[in-house]
Amino acid sequence: MQFDARWLRVSGKEEGSVAGFNFDGSADTFYAATPALEIGTDIALSDIASLRLYGKAGVEFSTKQWEIEGRFAAAENLPGNPALHLTEAIDSPLYRAGAGLELNGVNGVGMSVRYNGAFGETVKQNAVSASLKVSF
């Protein structure tokens, strides 16, 4: 079970454009819970090296949507200066999947390749990463 607290702060000002949009430092927080299962195995390649393979799957549940407040730069001096609220619903449930391959070797040297994906009603995210680790 994984619990997440995410905080997003948007602040900035666009200059030089009639349609510029200014974010006034809006912030929002949401919480999520992800029950998941990971299955893997370690395979000894020699006395000094091992290979770890794993796969994982889970479902993230949250009940929040992002809401960020901003204003058009051209409307800054208008009476009332109305704000525009941008909202983005967060998919719930959000299905998460992952897999990895880790090679651990001599003297803390290792390599890994990982895949992580998230899939929902409006979200399709895929990420592949690789890393080289040298402990000293």
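Is Glu102 buried, partly exposed or exposed? Select Glu102 in this predicted model: the residue is partly exposed, with a relative accessible area of 21%.

Arg52 and Glu102 form a salt bridge, their closest N and O atoms being 3.9 Å apart. This pair links distant parts of the chain, since Arg52 belongs to strand β4 (residues 50-62) and Glu102 to strand β7, 50 residues apart. Arg52 is likewise partly exposed, at 23% relative accessibility.

Remain on these two strands and select Arg96 and Glu60. Here the closest N and O atoms of the salt bridge are 2.9 Å apart. Arg96 lies in strand β7 and Glu60 in strand β4, 36 residues apart in the chain. Glu60 counts as buried, at 1% relative accessibility, whereas Arg96 is partly exposed, at 28%. Salt bridges with shared partners join Asp4, Arg6, Glu60 and Arg96 into one network.

Proceed to Arg6 and Asp4, whose side chains meet in a salt bridge (3.6 Å, N to O). Asp4 is buried, with a relative accessible area of 18%, while Arg6 is partly exposed at 29%. The whole structure contains five salt bridges.

Now display the surface. A nonpolar patch of about 1,200 Å² includes Ile43, Leu53, Met111, Val128 and Phe136. Strands β7 (94-104), β8 (109-119) and β9 (124-134) each supply at least two of the patch residues. Select Val128, in strand β9; this residue is exposed, with a relative accessible area of 66%.

Finally, view the entire fold: nine strands and zero helices. Of its 136 residues, 23% count as buried.

Technical notes. Residues numbered from 1 in each chain as written. Predicted model: local features only at pLDDT ≥ 70, side-chain atom pairs only at ≥ 80, totals over all residues. Heavy atoms only, no water. Helix = DSSP H or I, 4+ residues; strand = E, 2+ residues; numbered from the N terminus. Buried < 20%, exposed > 50% of the residue type's maximum accessible area, 1.4 Å probe, protein only. Patch = residues over 30% accessible without salt bridge, like charges linked within 9 Å, V, L, I, M, F, W, Y side chains within 5 Å. Areas by Shrake-Rupley, 256 points an atom, 1.4 Å probe, with all protein chains shown as cover. Salt bridge = Lys/Arg side-chain N within 4 Å of Asp/Glu carboxyl O.
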